[in-house]
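Below is a short report on one protein chain. It covers confidence, fold, cores and a pocket.

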Amino acid sequence: MKNTMINKFLIILALFSVVCTNAAAVEPDALGLYPLTESGIPSQAGDCAYQLKGTKSPKHEHFVQTAICPKRRFFNASDCVPVSIININNNQIVLRNISTNIINNEGSSLYKNDEYVVEIRVKEDCTKVSCDLFYLDAALTVKRGSLQQIFEMQGNCDMGEN
């Protein structure tokens with residue numbers, strides 16, 4: 001009887017091992033955000049930077065809304081192309097803006113390339129985030145194929161002159 005119990009335990013342990021191995025194999029396909037490195041795009045007035053809520057340092061940025069401007073004008077200048085910079089699974093990419101909607105103190109922007117679609121919904125809300133450093137509360141949705149992940153973000157925009 002002891003051998004039967006040990007055999008059953010070993011079979012259950014082997015099945016558990018196979019399940020855990022399959023779960024680990026799926027995990028690399030998960031969508032994760034990482035802090036940005038140097039983007040090569042100069043920062044400018046109008047840039048908005050966001051970080052994951054709970055990030056220890058206010059210097060870490062996970063998502064930036066900016067623009068590529070040939071003459072370094074403010075982001076809504078007619079010769080600028082609005083873009084976002086994001087680091088997904090340690091792969092930093094630039095996504096082109098597809099649409100932006102702003103109503104009152106809330107807004108959303110949609111960015112994409114051939115592989116990813118990123119939507120950010122932003123609300124100015126000092127009750128949920130510390131307005132000393134961050135006055136924007138945001139939900140960032142990252143999609144790649146059938147994968148989708150929503151991240152809670154906090155951020156601010158630089159409205160000063162460069």
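## Confidence and reading rules

Confidence in the chain is lowest in helix H1 (residues 2-26), with a mean of 52, and highest in strand S7 (residues 136-144), at 94. The score is pLDDT, the predictor's confidence in each residue, from 0 to 100. Over residues 18-27 the pLDDT is below 50, and beyond near neighbours in sequence this stretch has zero contacts in the model. A contact means heavy atoms within 4.5 Å. Where pLDDT is low, the predicted coordinates should not be read in detail. The chain averages a pLDDT of 79, and 70% of the residues score at least 70.

This is a predicted model: local features need pLDDT of at least 70, side-chain atom pairs count only at pLDDT 80 or more, and totals for chains, interfaces and linings use all residues. Residues are numbered from 1 along each chain as its sequence is written, and side-chain values use heavy atoms, with hydrogens and water left out.

## Fold

The chain has one helix and eight strands. Their order from the N terminus is α-β-β-β-β-β-β-β-β. Helices (H or I, at least four residues) and strands (E, at least two) are DSSP runs, numbered from the N terminus. Of the contacts with a separation of 6 or more, 45% join residues 24 or more positions apart. Buried residues (under 20% relative accessible area, 1.4 Å probe, protein chains only) make up 33% of the 162 residues.

## Cores

A nonpolar core is a set of buried Ala, Val, Leu, Ile, Met, Phe, Trp, Tyr and Cys residues joined through side-chain atoms within 4.5 Å.

| Core | Residues in core | Named members |
|---|---|---|
| Largest | 21 residues | Tyr 50, Phe 63, Ile 86, Leu 140 and Val 142, which touch the most other members |
| Second, separate | six residues | including Leu 36, Ala 49, Val 83 and Ile 85 |

Leaving aside neighbours within four places in sequence, Leu 140 contacts residues including Leu 33, Phe 63, Ile 86, Val 118 and Phe 151.

## Second largest pocket

This pocket has a volume of about 460 Å³. Of its 26 lining residues, Ser 43, Asp 47, Ala 49, Glu 61 and Val 64 are the closest to its centre. Strand S1 (48-52) and strand S2 (63-68) are the elements that give two or more residues to the lining. S1 gives the most, with four.

Key. On a 1 Å grid over the protein atoms alone, a cavity is a set of points where a 1.4 Å probe fits but cannot get out, and a pocket is an open set with protein on both sides within 12 Å along at least five of seven lines; lining residues have an atom within 4 Å of a point. Grid points are joined across faces, edges and corners, and a volume is the space filled by probe spheres set on the points. Buried means under 20% relative accessible area, exposed over 50%, partly exposed in between (1.4 Å probe, protein chains only).
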